[in-house]
Amino acid sequence: MKSLVRHSAMFFLRVFAGLAVMLLLFQSCMIYHPRGYEESFIKDSGVEPLRYRTSQGEQVSWIRNPGGAGMVWLVFAGNGTRALDLVSYFKRVPDFENDVFVHVDYPAYGECGGRPSPAAISESIRNVLPTLARRLDLKPEVLQPRLRVFGHSLGAAAALIAMDEEHIDRGVLIAPFSSMKSMARLRVGWPLCELLHHRFDNEAAISRLQARGGCHLEVIHGTADEVIPQAQSVALAAKFPDVITYHVVDGAFHNHILTSDRDLVLKSMAAVR
């Protein structure tokens, strides 16, 4: 009997160790799904590149309507979406025709070099802003009050990094998680979630925004989200009612929420202009 227990314990230890090694080796592949662009796709998007360098190599984000005198939106897509996949979403919207849209690709996405991580994404944001200021012929202190953020899914975490580190006060978050660790706990449980090293923490970022004061977030989530449960953003809204205005889209799935109630998304954008 003791021998059976010992062998069973060894078996489960080996399984656990194997899972731990898999998570450590393939964690990035589970989180990020970068893809490149076809040249024709870039041309049809009606954007121009913003090129800058980071420790990850050359990075390329994309600007549309650089002559606009309105708000300057930093747009961040989800983990399986390229920045330019969202360009058409903001076109032909009369209320935003005077706004500038900057679609930020993450390292390894689109035409960007390197590997994605919270630190690498933060570095990209930090370096794209001086490049953007030069392109718009604006001093950074003139550009900064015009900045707004828009982020979907993982892009909501990137948007919060921008708000937190670059002192941006207003933005729209679509289907955000509370923290990447809380998502890992849902997917692989404890203690395997402790192996996570891509620790995006939206709750901590919003807490710092609240302490700073004067920040406003419009948060939208679908009740049928099969990737990031709605409970993740409900927890954020409950904890930060002075910062977050919360909206629910009944029956909306994760990748369809942007088109499920586009009017609501645009109204939320108008609310933070």
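Analyst: A contact means heavy atoms within 4.5 Å. This is a predicted model, where local features need pLDDT of at least 70 and side-chain atom pairs count only at pLDDT 80 or more, while totals for chains, interfaces and linings use all residues. Residues are numbered from 1 along each chain as its sequence is written, and side-chain values use heavy atoms, with hydrogens and water left out.

User: How many helices and strands are there in the protein chain?

Analyst: Both kinds of element are DSSP runs numbered from the N terminus: helices are H or I with at least four residues, strands are E with at least two. On that basis the protein chain has 10 helices and 8 strands.

User: What percentage of the 273 residues in the protein chain is buried?

Analyst: Buried is under 20% relative accessible area, exposed is over 50%, and partly exposed is in between (1.4 Å probe, protein chains only). Of the 273 residues in the protein chain, the buried share is 51%.

User: Which residues does A156 contact, leaving aside neighbours within four places in sequence?

Analyst: A156 is found in helix α5 and is buried, at a relative accessible area of 0%. C-alpha to C-alpha, V75 is 9.3 Å from A156 despite being 81 residues away in sequence. With neighbours within four places set aside, the contacts of A156 are G151, L173, I174, P176 and N202.

User: Among contacts between residues at least 6 apart in sequence, what percentage join residues at least 24 apart?

Analyst: This one is for the protein chain as a whole, with pairs at least 6 apart in sequence. The part joining residues at least 24 apart is 74%.

User: Which residue has its backbone nitrogen 2.9 Å from a polar atom of the D99 side chain?

Analyst: D99 sits in the loop between β3 (72-76) and β4 (100-103), and it is buried at 1% relative accessible area. Not counting residues up to four places away in sequence, D99 touches R64, N65, G70, M71, W73 and R273. The backbone nitrogen 2.9 Å from that side chain belongs to M71.

User: Where is N65, a residue other than glycine with positive phi?

Analyst: The phi of N65 is near 60°. N65 is partly exposed, with 26% relative accessible area. Its place is the loop between β2 (57-64) and β3.

User: And H167: what is its relative accessibility?

Analyst: H167 is not a glycine either, yet its phi is positive, about 60°. It lies in the loop between α5 and β6 (170-174). H167 counts as partly exposed, with a relative accessibility of 48%.

User: Why do the buried residues of α8 lie on the same side?

Analyst: In α8 (residues 230-239), Q230, Q232, S233, L236 and A237 are buried. On the other side of α8, A231 and A238 are exposed.

User: Which helix gives the largest share of the lining of the second largest pocket?

Analyst: A pocket is an open set of points on a 1 Å grid over the protein atoms alone where a 1.4 Å probe fits, with protein on both sides within 12 Å along at least five of seven lines, and lining residues have an atom within 4 Å of a point. The second largest pocket is lined by 14 residues, with I161, F200, D201, A205 and R208 nearest its centre. Elements giving two or more residues to this lining are α3 (118-135), α5 (154-166) and α7 (202-212). With 5 residues, the largest share comes from α5.

Terms used:
Polar contact = N/O pair within 3.5 Å; in protein donor to acceptor, adjacent residues only side chain to side chain.
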